[in-house]
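Please keep the sequence and the structure in view while reading the points below.

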Amino acid sequence: MESSLEFSSSLGSVSSLLSRCRTFKVLVIGDSGVGKTCLTHRLCAGDFPRRTEATIGVDFRERALDIDGEKIKLQLWDTAGQERFRKSMVQHYYRNVHAVLFVYDVTCPASFNGLTAWVEECRQNSLGHEIPRFLIGNKSDLRDASRTDCQVSQELAMNLAKAHGMVFFETSAKNSPKKHINGRRGEREDLFQQSKVEDIVTAVGTTLKRHKTPLTAYSPAYNYKGACFCVREGCALHNEHCTAREGS
Ligand SMILES: Nc1nc2c(ncn2[C@@H]2O[C@H](COP(=O)(O)OP(=O)(O)OP(=O)(O)O)[C@@H](O)[C@H]2O)c(=O)[nH]1
């Protein structure tokens, strides 16, 4: 994989954004293999990575947005789905979180069932209900109308989203979704809701724009040029380049 930290190239210089942007930390969680890395890559860099490896700990990617004339920045934390690659870091993931993306694979019911554990992890880490939550069914390009038995229905997903106050999307990190017809000729035809990855970015950005207490570019948690962990209270990211550390 390329560098963990990727900026959307079309959205202006990073330095000018750092001086003016409100920055929001968005946690991306879900079982291993559901496509968190591909999705965050697509959200931030705009393309689907040809090859990925299991995330170890966390990878960071950023996406700058202009929402109704205000520049904001989403800092996506692509966390490891495998327990063995995340256990010592979980508390860092949840510190100062502004939004959570729960990801599952629409062709893998086990990953949908696994969401219960992810919701529980949020609860254990004191994530309040005021934190916006988004439920994302990924890999919609692999949906097969003739194999509904081994896929997660949208109805099921919507029920879960409703129960947990989440905004639901179904998408594909790989291909732009096409309208998908469920049902044979002559039967009632239901259109799957399928969203472009870009719609998700906009929804998250628009929701967070209303957030009252964002971290700013100058706060210790986001004043960095690289990424590693810091045990300092209130600091989510830290490394030898971090100016907060230099001053401490
Ligand atoms: N067809 C299809 N494949 C996808 C999609 N998203 C991801 N994949 C594939 O799914 C596999 C796993 O993707 P990752 O993004 O590495 O999964 P992950 O959730 O980050 O996995 P961990 O890092 O182990 O937690 C890869 O082979 C991807 O190419 C998608 O939307 N459509």
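A cavity is a set of points, on a 1 Å grid over the protein atoms alone, where a 1.4 Å probe fits but cannot get out, whereas a pocket is an open set with protein on both sides within 12 Å along at least five of seven lines; lining residues have an atom within 4 Å of a point. Grid points are joined across faces, edges and corners, and a volume is the space filled by probe spheres set on the points. The model is predicted, with local features needing pLDDT of at least 70 and side-chain atom pairs pLDDT 80 or more, while totals for chains, interfaces and linings use all residues. Residues are numbered from 1 along each chain as its sequence is written, and side-chain values use heavy atoms, without hydrogens and water.

**Cavity**
- The structure holds 1 cavity of 30 Å³ or more, and the volume of the largest cavity is about 50 Å³.
- The largest cavity is lined by Val 26, Leu 43, Arg 63, Leu 74, Leu 76, Leu 101, Val 201 and Val 204, and the elements that give two or more residues to this lining are β3 and α7 (197–209), helices (H or I, at least four residues) and strands (E, at least two) being DSSP runs numbered from the N terminus.
- By class, the lining of the largest cavity has 7 nonpolar, no polar and 1 charged residues, where Asp, Glu, Lys and Arg count as charged, Ala, Val, Leu, Ile, Met, Phe, Trp, Tyr, Cys and Pro as nonpolar, and the others, Gly among them, as polar.

**Largest pocket**
- The largest pocket contains about 330 Å³ of space, and of its 25 lining residues the closest to its centre are Gly 33, Val 34, Gly 35, Cys 38 and Thr 52.
- α2 gives the most to this lining, with 3 residues, and the lining of the largest pocket divides into 8 nonpolar, 11 polar and 6 charged residues.

**Ligand**
- The ligand is surrounded by 21 residues, each with a heavy atom within 4 Å of it, and the closest are Ser 32, Lys 36, Thr 55, Gly 81 and Asp 141.
- Helix α2 (residues 36–45) gives the most to this shell, with 3 residues, and the shell has 7 nonpolar, 9 polar and 5 charged residues.
- An oxygen atom of the ligand lies 2.6 Å from an N or O atom in the side chain of Ser 32, and a backbone N or O atom of Thr 55 is 2.7 Å from an oxygen atom of the ligand.

Note on methods:
Polar contact = N/O pair within 3.5 Å; in protein donor to acceptor, adjacent residues only side chain to side chain.
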